[in-house]
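Open your viewer, get your selection tool ready, and follow the stops below.

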Amino acid sequence: MAPPAPAATVAKARPEKASLLSHSLAKPILALAALLVLDIVFIPGFLSLEIKDGHLYGPLIDILNRAAPLMLAALGMTLVIATRGIDISVGAVVALSGTVAAMLIGGTMVINNGQPEYVANTPMPVALAAALGIAILCGAWNGVLVAGLKLQPIVATLILMVAGRGLAQLFTDGQIVTVYYEPFFFLGSGYLLGLPFSLWVVAAVLLVVGLLLKKTALGLFIQSVGINPVAARLAGIRTATLIFFTYVFCSLCAGMAGLMISSNIKSADANNAGMLLELDAILAVTLGGTSLAGGKFSLVGSMIGALIIQTLTWTIYSLGVPPEVNMVVKAIVVFIVCLSQSTGFQKLWKGRK
Amino acid sequence: MNTAVMTNNGAGRVDPSITSAPWFTSLVTVILLAVLLGAGGAAYEGFLSGQVMLNLLIDNAHLLVIAVGMGYVILAGGIDLSVGSVLALTTMIAAWLLNAGWNPLAVIAIVLAFGAVFGAFQGALIHYFQLQPFIVTLAGMFLARGLCYLISIESITIEDPLFVAASQTQIPFIGGFISPSAAIALIVLAIAIWASRRTAFGRGVYAIGGNEQSALMMGLDVARTKIGVYAFSGFCAALGGVLFAFYMLSGYGQHAQGTELDAIAAVVIGGTLLTGGYGYVAGALSGVLVLGTIQTLIAFDGTLSSWWTKIVIGGLLFLFCVVQRLLSVRSQQS
């Protein structure tokens with residue numbers, strides 16, 4: 001994904017060999033593959049796919065569909081982390097955008113020719129635009145604090161993390177807002193050409209961002225800001241603007257994830273929607289091989305990371321293990337991944353051998 | 001760096017501008033607290049009564065203890081996101097052991113030791129493997145919450161006589177009473193303030209927060225101090241759990257969700273710089289009191305809903321971060 005030339009500092013820590021195993025995506029892919037093998041062995045019918053009403057159904061599709069919001073959040077988070085930042089307000093933005101969309105759409109029942117019909121309070125495009133607009137505003141707020149005021153990213157986004165959910169609760173009076181409007185449900189549970197619509201959204205965003213990063217100098221710029229912000233600025237990169245836009249993009253992704261989640265559960269829950277999603281997104285990004293120290297990043301890796309997390313969750317549920325174990329497993333995975341990234345641990349490991 | 005040195009000396013050095021003096025942000029917090037209390041007293045009858053003020057301490061004793069630990073971590077330039085879930089886990093372990101018939105004093109000793117070991121483990125990972133404190137303690141947060149649910153997903157009631165007595169005892173205190181928990185919290189605060197200013201450990205914390213590299217070159221035992229700081233934070237989280245168990249008389253995996261953020265907010269509002277090395281441990285008290293006063297104001301008002309607390313805390317965090325930022329820019333220029 002990323003051009004290899006400026007990654008010299010990273011390469012020192014992890015010598016690049018011309019083998020497949022040393023590819024940066026090798027570890028995440030192997031982890032995902034191991035999980036899938038576990039599922040194939042222990043869960044009967046894991047690979048089964050069937051076509052109902054022209055839609056594909058099956059555990060694999062289910063995992064992909066459920067992973068979609070996390071994949072979106074992880075996409076945005078990847079770019080923020082690539083610039084040495086972090087955005088812990090993702091969950092709050094999910095709650096805000098879902099709440100705004102659900103409240104604007106609402107839906108009332110109208111009896112038309114004796115047929116009950118649900119009508120949106122506000123036209124759906126307007127509602128969606130308003131929800132994404134709020135998300136962009138949140139991102140701009142974070143961006144101004146980080147890039148303009150130069151606050152530490154974790155503190156800057158902590159403010160929105162605390163206050164954002166409070167705002168969402170204020171809008172809804174702490175109630176769960178239910179939506180009764182058929183077209184809105186398409187976002188989270190609709191199908192297009194046999195596949196879940198949410199997957200198409202993720203694919204489209206991934207494609208656009210991927211092309212933007214690869215075909216323009218943007219990817220290189222983001223990487224250089226992550227590796228050395230001062231040098232990047234001296235080299236003439238408008239670092240502040242760049243950082244500002246990564247936060248806006250991250251919030252926009254979170255906003256889309258919020259729409260998907262609220263559409264999927266047909267309601268908006270300001271108290272719980274997107275709770276701890278930022279942590280899952282950060283975990284997905286780390287699992288995908290992106291360094292938390294900035295600079296080295298992989299969009300595809302983050303997608304695989306998100307899939308690992310969702311598959312893990314799905315597996316835990318399907319194996320009949322109590323869902324409570326999920327958090328413990330996640331924590332252990334984070335510890336292992338972090339350790340495997342640390343140079344100190346690598347030295348220790350090699351010293352033992 | 002300059003400011004870090006000055007903090008150690010108190011206000012020993014004369015600075016050209018008052019606003020960049022180390023005590024200035026603390027002064028702002030105290031003024032803010034006075035304004036909040038004044039506004040409450042003007043708006044609501046009985047708001048300024050002694051017992052309402054003491055209730056601020058009683059209701060926030062666990063938060064104060066956690067904020068003290070968090071204050072040390074932040075002064076050392078780190079962050080600890082696991083404290084809220086360690087608190088929940090200790091209430092859970094305590095309730096579980098008590099129901100199994102263990103001696104309450106032994107239970108308290110066990111959970112406190114557990115908290116310290118949990119913190120030291122995180123600190124060791126952070127120090128020896130140069131992992132980011134944020135990500136390690138995040139994993140610690142998942143781990144501790146997950147372990148809670150492994151013990152039970154239900155709330156466990158505590159009926160131990162010692163715990164019940166601790167929750168009901170009233171200690172007379174200037175014109176009213178405080179709970180044993182509040183007294184313990186104040187004692188912890190006093191010890192922490194003393195240690196931060198009068199012991200080698202305390203000075204080491206400031207030095208590491210100011211510049212870890214320099215601290216190492218000066219020959220300070222960075223490893224011991226850093227791991228000690230996280231162990232202390234874990235200990236405080238566990239003690240916060242014991243106090244919380246006194247308060248709620250139950251162990252529950254969902255206790256104190258988001259307390260880590262409240263503690264960070266209290267420390268920041270108390271005037272400690274999140275970059276480390278600058279601030280006072282005592283700031284934790286003023287920060288916690290500001291948060292508690294906001295909650296009391298909302299409770300007295302009766303028409304405002306609890307989510308206003310979050311919005312106001314967010315606003316205050318913003319205000320303090322910006323003020324700190326502007327002050328540090330100015331002191332760099334001067």
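**Stop 1: a helix in chain A.** Keep in mind that this is a predicted model. Select residues 124-148 of chain A, which form helix α5. Its 25 residues, at 1.5 Å a residue, should span 36 Å, and the end C-alpha atoms are 34 Å apart, so the two values agree.

Which residues of α5(A) are buried? Color them as you go: Met124(A), Ala127(A), Leu128(A), Ala131(A), Ala135(A), Cys138(A), Gly139(A), Asn142(A), Gly143(A), Leu145(A), Val146(A) and Ala147(A). Then step past the helix to Lys150(A), which follows α5(A) and has a positive phi, near 60 degrees.

**Stop 2: two helices that pack.** Two packed helices are described by the angle between their axes and the distance between the axes. Select residues 182-189 (helix α7) and residues 239-264 (helix α11), both in chain A. They pack at an angle of about 115 degrees, with axes 7 Å apart. The two are therefore roughly perpendicular to each other, and their crossing is left-handed.

Now show the side of each helix that makes the contact:

- From α7(A): Phe184(A), Phe185(A), Phe186(A), Leu187(A), Gly188(A) and Ser189(A).
- From α11(A): Leu259(A), Met260(A), Ser262(A), Ser263(A) and Asn264(A).

Among the residues of this contact, six are nonpolar, five are polar and none is charged.

**Stop 3: over to chain B.** Select Ala200(B), found in helix α10 (residues 200-210) of chain B. Is Ala200(B) buried or exposed? It counts as exposed because its relative accessibility is 58%, and the cut-off for exposed is over 50%. Finally, select Leu285(B) too: Ala200(B) and Leu285(B) are 85 residues apart in sequence and 23 Å apart in space, C-alpha to C-alpha.

Conventions: Residues numbered from 1 in each chain as written. Chains lettered and ligands numbered in written order. Predicted model: local features only at pLDDT ≥ 70, side-chain atom pairs only at ≥ 80, totals over all residues. Heavy atoms only, no water. Axes fitted to C-alpha atoms, helices over the stretch in contact; angles between N-to-C directions. Helix = DSSP H or I, 4+ residues; strand = E, 2+ residues; numbered from the N terminus. Parallel < 35°, antiparallel > 145°, perpendicular 65-115°, else oblique. Left-handed = near helix turned anticlockwise from the far one by under 90°. Contact = heavy atoms within 4.5 Å. Nonpolar A, V, L, I, M, F, W, Y, C, P; charged D, E, K, R; others polar. Buried < 20%, exposed > 50% of the residue type's maximum accessible area, 1.4 Å probe, protein only. Expected span 1.5 Å × (residues − 1).
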